Amino acid sequence: MARTLIGRDAELAALEQVVADAARGVPAAAVVSGDAGVGKTRLLAELRRNAEARATRVLVGRCLDLGEVGIPYLAFTELFGPLPHTTRTELFDAALVALTAAGADRPAVLIVEDAHWADTSTRELMTFLLSRLAKTRVALMISYRSDDLHRKHPLRQSLSEWARLSYVRRVDLPALDAESSYRLLDSLPAATDVASRDVIVERSGGNPFFIEELVSAGQRPGSSIPPGLAELLLVRLDALSPTAKSVAETMAVGGPRVAHEVLAEVTGLDEDRLEHVIREIVDARLVETTDFYYVFRHALLAEAIYDDVLPGRRARLHASFVDTLTEHRHRGAAADLARHAGLAHDLPKAFRAHVDAGREAMTLAAPAEAMAHLAAALELRQSQWEPTETALVLEYAVASTTAGQDLRALSVVRAELERGGDALSIPDRLDLLHPEATSALAIEREDSALVAVEQALIIAEAEEFAPWRVQLTALGARITDSLGREDQSLAWAEESVRIAESLGDPGRSADARITLARLHGRHNDPAASRTLLVRTAALARESGDIGDLLRSKFNLGMVEFDDGNFLSAQESFEEAVEIARSTGRQWTPYGVGARVQLANARYYSGDWTLALADLARIESAAPPLGSAEQLCAGFQIRAAIGDEELAADIERVRPYESQDGFITILRSAAVAYTALCNGRFSEVITCIEDAVATVGAQWHNPWFGGRIRLSVLGMEAARRGSAVIGAQAALDIGSRLHSEIERTASSSPSYGWESTAWIRRGEAELGHLRLNCGYGDAASVVAAWRAAVDAFAIQPFERARALQSLSEALEAAGDRSASAHAADEAIAIYDRLGVTVRLGDTRRPAGAHLLTRREWDVLELLGEGCTNKQIAERLVISVKTVSVHVSNVLTKLGAQNRTEAARFAKGKSSE
């Protein structure tokens with residue numbers, strides 16, 4: 001069992017409140033429910049530990065499964081000792097006296113576990129005591145298994161009576177979410193590899209007991225259920241009538257869910273008889289009903305029953321499902337048929353069903369599921385079966401790209417080109433070369449993408465391939481634009497538009513028109529770019545081209561963003577996100593890009609809470625690259641607010657930097673900011689230089705726009721660290737970085753407000769650095785910083801950073817009043833944004849005398865280097881509560897971050 005209670009902070013807090021209410025003399029009780037193994041006993045044990053640590057008396061009684069005739073008042077005998085053998089009234093009064101006495105000298109908690117096994121007398125006594133809790137200073141806790149409560153269970157009547165008491169709180173324990181399941185898994189001593197971790201979390205359904213049992217059994221993909229766990233799961237099956245047991249086994253063979261009409265045909269039971277049997281199964285809490293399907297309450301239960309069916313009967317049932325599903329067309333029927341046909345060894349039907357299921361999944365915006373079905377079809381396919389292998393590979397590649405698995409798409413398409421060789425027809429070769437180029441471009445392999453497009457254009461010279469030339473020249477325009485070859489990009493984009501118009505189908509060139517709009521925007525003509533993108537989006541919508549519609553909306557958002565119109569940008573990105581989500585394209589480059597840029601626009605406008613909330617929603621099915629890109633979008637915010645999980649996430653994204661240069665830029669900026677605030681100036685400069693070299697090589701352009709921002713961060717590190725680095729060395733570094741900023745700026749025909757702002761800040765940084773080294777004058781530095789502050793007028797965080805430097809320059813110029821005013825304005829912005837990790841802020845009062853006793857405890861543990869989780873364990877409070885205390889400590893001390901607070905704590909301990 002895990003030492004630390006995981007994923008139950010809210011439920012534990014609710015029970016703690018019940019105990020606190022009872023301690024104040026307010027009647028208070030809680031009824032705790034949940035499935036077997038979900039953690040009721042573990043939760044109550046944690047409550048007991050916390051209560052006893054506060055000198056609260058805790059008494060525990062348990063109901064036992066002793067068959068139909070149990071021992072009366074067993075739980076209360078364990079609680080209070082032998083009860084008097086007198087009349088029922090006297091016995092109840094004696095129990096009340098004992099309960100009141102338990103809370104006479106100090107608050108008390110009475111816990112009655114497993115009330116689903118309680119006898120009638122115990123249930124009635126619990127009802128009596130619940131109604132008389134006033135002034136007892138005793139909190140009564142009752143737990144029961146919700147999955148044992150069939151429709152006629154006697155505890156149901158008691159629960160309805162207890163619910164009428166206003167002070168009885170219901171606390172239902174759901175299954176753990178995926179994050180908590182992984183945390184529980186990681187806390188267990190048995191080591192598991194990555195594949196096993198995913199399998200265990202999926203099979204357990206978030207049930208802590210199941211997780212622990214699967215780990216102890218050393219689960220691997222394809223492993224059977226541990227015997228002890230299987231026996232536990234099959235107990236309910238044994239209680240069914242023979243017919244109901246047979247139908248439950250048929251359901252288990254049927255799969256995760258079974259349609260009613262399919263089950264009726266396979267079982268052969270008439271409607272009345274089937275409904276009677278299903279009612280028995282539902283009452284036994286084995287399955288649940290939806291509008292169309294029957295679903296087992298837990299996947300492991302279905303697995304256990306399936307494994308318990310004899311192999312011969314299983315094979316016959318699978319064959320029966322194949323015969324039945326062949327005639328059914330309900331949603332999901334193809335996927336069900338594919339599974340049953342495979343298990344019945346009917347390979348032709350399995351192949352056809354997998355193809356149909358893959359196509360259906362694409363219409364349902366489920367590309368990951370489509371990939372799985374189409375991959376299975378490719379594995380089963382024999383030479384004489386339709387569709388052809390090339391056609392099937394293309395469908396698989398489209399599904400892979402839509403699911404954000406461009407590397408996989410590139411791999412299978414290249415393999416098919418090699419397999420087909422010269423035997424491929426021109427249309428087939430074009431069909432393969434286009435997705436090869438698209439996938440290569442998506443993972444920033446532009447050179448490979450360009451080679452594929454050029455090959456395709458050579459074989460598509462004939463007039464009959466004009467429609468293909470529209471697509472290929474448009475794609476070529478995109479690739480060369482990415483490579484910085486604007487003249488070639490413009491020529492290909494215009495050629496694509498011209499061919500499309502000659503074909504009488506201008507909408508076909510939407511891709512090229514988007515590239516033209518990007519080129520307009522880059523040459524300081526946002527109005528023309530905006531107009532062209534709006535028109536292109538309309539054409540894409542008319543033609544039903546979702547890809548071009550998504551790209552149009554994304555680029556429209558970028559035009560607005562580059563123009564400083566954050567609200568309009570957010571609207572466009574939100575629309576793009578919704579288009580991607582509703583069509584299953586959320587993990588395509590533009591689907592992910594829309595999410596990332598939406599968060600970026602919110603970061604720039606200062607709406608950090610909403611930005612982090614959006615980014616926190618990363619689906620479990622997210623491809624690794626898409627997940628990494630989305631994580632990175634929040635790095636700067638998380639660095640500024642002191643998120644202690646950031647370091648781990650930074651390491652998580654490193655393997656994907658080779659596939660997306662923006663990951664390197666965003667990761668490096670966050671690392672540099674954190675190092676800068678902690679005085680590690682040389683680390684900042686090294687980090688920046690490494691990032692510039694990596695991205696420059698990856699993008700075939702050492703003068704990429706993001707280099708300006710990174711270089712300014714390096715200049716700031718040189719200025720602030722000049723005393724450590726050495727004045728001349730710092731000046732040399734700053735001067736070199738400023739020259740690189742000028743070279744980067746000159747390489748672009750134009751740049752938006754952001755690049756302009758960073759250039760202004762670079763000028764201020766150079767002047768400030770020179771001033772620190774004995775050159776220049778303070779007045780010009782102050783003027784430069786004022787220009788930088790104004791340039792960042794629409795970006796609160798960077799404006800505050802510039803204000804802070806302005807304050808320092810004003811201090812150097814001897815204008816202390818203006819310096820204080822600038823510092824106050826910076827602090828106000830930081831406080832509004834929730835920035836806790838910041839550069840030196842000596843004007844804030846050291847309010848150590850304001851710390852509470854608990855905050856001193858937290859501070860001392862910070863001094864020992866404890867994480868929030870470790871502090872929570874030491875002080876027996878929740879991680880969330882620790883987070884609040886840490887925030888209060890930082891504010892009262894005026895500390896920039898945990899490190900500074902820890903230094904203060906160590907200083908106090910040595911006094």
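Helices α36 and α39 are roughly parallel to each other, because the angle between them is about 20° and angles under 35 degrees count as roughly parallel. The model is a predicted one.

**Helices α36 and α39**

- Helix α36 covers residues 706–720 and helix α39 covers residues 753–772.
- The axes of α36 and α39 lie 9 Å apart, at an angle of about 20°.
- The crossing of α36 past α39 is left-handed.
- On the α36 side, the contact is made by I708, R709, V712, M715, E716, A718 and R719.
- On the α39 side, the contact is made by S755, W758, I759, R761, G762, E765, L766, H768, L769 and N772.
- Sorted by class, this contact has eight nonpolar, five charged and four polar residues.

**Helix α20**

- Helix α20 runs over residues 406–420, a stretch of 15 residues.
- The end C-alpha atoms of α20 are 21 Å apart, which agrees with the span of 21 Å that should follow from 1.5 Å a residue.
- The buried residues of α20 are D406, A409, L410, V412, V413, E416, L417 and G420.
- These buried residues pack against three helices: α19 (389–402), α21 (426–442) and α29 (589–605).
- Just after α20 comes G421, which takes a positive phi of about 55°.

**D511 in helix α25**

- D511 belongs to helix α25, residues 510–522.
- Residues up to four places away in sequence aside, D511 touches A474, L475, R478, D548 and R551.

**V247 in helix α11**

- V247 sits in helix α11, residues 242–254.
- With neighbours within four places in sequence left aside, V247 is in contact with L263, T267, L269, L274, V277 and I281.
- From V247 to Q870 the separation is 623 residues in sequence and 50 Å in space, C-alpha to C-alpha.

How values were computed
Residues numbered from 1 in each chain as written. Predicted model: local features only at pLDDT ≥ 70, side-chain atom pairs only at ≥ 80, totals over all residues. Heavy atoms only, no water. Helix = DSSP H or I, 4+ residues; strand = E, 2+ residues; numbered from the N terminus. Expected span 1.5 Å × (residues − 1). Buried < 20%, exposed > 50% of the residue type's maximum accessible area, 1.4 Å probe, protein only. Contact = heavy atoms within 4.5 Å. Axes fitted to C-alpha atoms, helices over the stretch in contact; angles between N-to-C directions. Parallel < 35°, antiparallel > 145°, perpendicular 65-115°, else oblique. Left-handed = near helix turned anticlockwise from the far one by under 90°. Nonpolar A, V, L, I, M, F, W, Y, C, P; charged D, E, K, R; others polar.
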